[in-house]
Amino acid sequence: MTTTQTKRNENARRIRRANEFFVNRIKMANGCSRCGFTPKTEAECPLLDLNHDGGGRIGAWATKSVGKSADVSRLVWSGAGLARIWAEIQKGSWLCKNCHCLEHVEDSPLVESTEIFAQQRAERFWDSLEE
């Protein structure tokens with residue numbers, strides 16, 4: 001590797017780290033908007049996700065993330081500017097992993113025949129263990 005490539009790589013690493021530091025400080029200052037979990041250290045920051053507010057992309061989440069133009073993590077690691085990262089963060093709120101999953105759970109009605117099948121299958125399994 002040439003000296004120029006080494007300097008370029010080191011500069012890219014420094015920018016990514018500065019971006020990560022910036023986002024982590026925001027996460028630690030705000031925490032989960034649903035349950036209140038707040039990371040105390042940078043090691044806990046990956047436990048928060050940005051949940052984009054409003055409409056969205058595909059499927060059941062189509063009404064959940066309007067205006068989303070990028071994932072914050074991709075912006076951080078691609079070396080985007082702090083203003084660009086901040087603009088994306090403004091489009092949503094922080095949720096911990098657990099609350100983020102709950103936010104996107106579909107409230108689809110269960111089919112009774114499927115539920116009966118599942119219950120009977122589980123019961124047969126437990127019965128077979130007792131034999």
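1. A nonpolar core is here a set of buried Ala, Val, Leu, Ile, Met, Phe, Trp, Tyr and Cys residues joined through side-chain atoms within 4.5 Å; buried means under 20% relative accessible area, exposed over 50%, and partly exposed in between (1.4 Å probe, protein chains only). The model is predicted: local features need pLDDT of at least 70, side-chain atom pairs count only at pLDDT 80 or more, and totals for chains, interfaces and linings use all residues. Residues are numbered from 1 along each chain as its sequence is written, and side-chain values use heavy atoms, with hydrogens and water left out.

2. The largest nonpolar core holds 16 residues, of which V23, C32, V72, I85, I89 and W94 touch the most other members. Two or more residues come from each of helix 1 (3–30), strand 1 (48–52), helix 2 (72–78), helix 3 (82–89) and strand 2 (92–96). These elements are DSSP runs numbered from the N terminus: helices are H or I with at least four residues, strands E with at least two.

3. Leaving aside residues up to four places away in sequence, I89 touches V23, I26, L50, V72 and W94. Contact means heavy atoms within 4.5 Å.

4. Two packed helices are described by the angle between their axes and the distance between the axes. The axes of helix 1 and helix 3 come within 11 Å and cross at roughly 30°. Such axes are lines fitted to C-alpha atoms, for helices over the stretch in contact, with angles from 0 to 180 degrees between N-to-C directions. Helix 1 and helix 3 are therefore roughly parallel to each other (angles under 35 degrees; over 145 is roughly antiparallel, 65 to 115 roughly perpendicular, the rest oblique). N19, F22, V23 and I26 of helix 1 make the contact with L82, I85, W86 and I89 of helix 3.

5. There are 2 aromatic pairs in the structure. Rings of Phe, Tyr and Trp (its six-membered ring) pair if their centres lie within 6.5 Å; planes under 30 degrees apart count as stacked, over 60 as edge-to-face and the rest as tilted. The ring centres of F22 and W86 are 6.4 Å apart and the planes stand at 70°, so this pair is edge-to-face. F22 lies in helix 1 and W86 in helix 3, so the pair ties together parts that are 64 residues apart in sequence. Both residues count as partly exposed, F22 at 23% relative accessibility and W86 at 40%.

6. F125 and W126 also form an edge-to-face pair, at 5.2 Å centre to centre and 70° between the planes. F125 is partly exposed, with a relative accessible area of 47%, whereas W126 is exposed at 54%.
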